[in-house]
Amino acid sequence: MARIIAVANQKGGVGKTTTAVNLAAALAAAKRKVLLVDLDPQGNATMASGVDKHDASPSGCEVLLGEAAIEKAIVTTEAHYDLLPGNGDLTAAELKLMDALARENRLKEQLAKVSGKYDIVLIDCPPTLHLLTVNALTAANSLLVPVQCEYFALEGLSSLLDTVKAVRQHLNPQLEIEGLLRTMYDVRNNLGNEVSAQLTQHFGDKVLRSIIPRNVRLAEAPSHGQPIHLYDRSSRGAIAYIGLAGEIIRRERGSQAAVAALHAMHGDSPEESAEASAHLDQE
């Protein structure tokens, strides 16, 4: 089964979509089978992947509403990851689902049909904490939070973490924080250094080692419909996302090693060891 990571932050302009698209491309370059789900009605991840959101049919809207099979909606991108495209129709889907039974589980149910084909599923969430984001958090194993290293960086994080806590209690007890990713970072900026230090002070090892710099080529790539890996693979932005992909892969291996160690120590079945590991994470 795929490892599902939601990329979310209710604050806009923090590099959320940039991270989802370029991490997907970097993981695909590392020979991982990747599915990127564009759950944002703006459809920016779809466009940045080289897919016209206006021509995407069926799209994530029809999939969430059960009007189309998810296999029919998924397309393959030039960067060798698969994409479930999104567009403005997702707003209508959110409204239609408001009174639906088990509305928070729609995305989880759909991803269960294809997750066996992938190593990693990334979900690009809208900059809100409404039903679409709750669907993503319900389906996900973990949450990756891009945080801009500028003023008000911590604004909204408490609300997001409160939402994560509520989702754990009522919908998805296994949800973990994958990490906080510092984005748009400029080492020459004293404020950026101060914000980075604040994040480390408040969140400790939940702050990822990888740092995404402020980079012109990284900002240009979406207008060409390409991830930075294809647009300029030698740029600082591309190198940073390759490093992030490596860190995500190492964390996955570390988690698997922990489960194997528990299995070896206690003689449990792999399923029992996984449950024990999840319990320890929640502690």
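**Reading a predicted model**

The mean pLDDT of the protein chain is 88, and 89% of its residues reach 70 or more; pLDDT is the predictor's confidence in each residue, from 0 to 100. Over residues 270-283 the pLDDT is below 50, and this stretch has 15 contacts in the model beyond near neighbours in sequence, a contact being heavy atoms within 4.5 Å. Where pLDDT is low, the predicted coordinates should not be read in detail. This is a predicted model, in which local features need pLDDT of at least 70 and side-chain atom pairs count only at pLDDT 80 or more, while totals for chains, interfaces and linings use all residues. Residues are numbered from 1 along each chain as its sequence is written, and side-chain values use heavy atoms, with hydrogens and water left out.

Me: What share of the residues in the protein chain is buried?
Reply: Buried means under 20% relative accessible area, exposed over 50%, and partly exposed in between (1.4 Å probe, protein chains only). The protein chain has 283 residues, and the buried share of them is 51%.

Me: Why is helix α7 described as largely enclosed by the rest of the structure?
Reply: Helices (H or I, at least four residues) and strands (E, at least two) are DSSP runs, numbered from the N terminus. Helix α7 covers residues 131-139, and among its buried residues are Leu131, Asn135 and Ala139. The helix is largely enclosed because the buried residues number nine of the nine.

Me: Is Asn215 buried or exposed?
Reply: Asn215 lies in the loop between β8 (207-213) and α10 (216-220). Leaving aside neighbours within four places in sequence, Asn215 is in contact with Ser235, Arg236 and Gly237. Its relative accessibility is 15%, so Asn215 counts as buried.

Me: How many disulfides does the count give?
Reply: A disulfide is a pair of cysteine sulfur atoms within 2.5 Å. Cys61 counts as buried because its relative accessibility is 7%, and Cys149 counts as buried at 3%. By the distance rule, the number of disulfides is zero.

Me: Which helices each supply at least two residues of the lining of the largest cavity?
Reply: On a 1 Å grid over the protein atoms alone, a cavity is a set of points where a 1.4 Å probe fits but cannot get out, and lining residues have an atom within 4 Å of a point. The lining of the largest cavity includes Asn22, His229 and Tyr241. The helices that each supply at least two lining residues are α1 (16-29), α11 (228-231) and α12 (236-266).

Definitions and conventions:
On a 1 Å grid over the protein atoms alone, a cavity is a set of points where a 1.4 Å probe fits but cannot get out, and a pocket is an open set with protein on both sides within 12 Å along at least five of seven lines; lining residues have an atom within 4 Å of a point.
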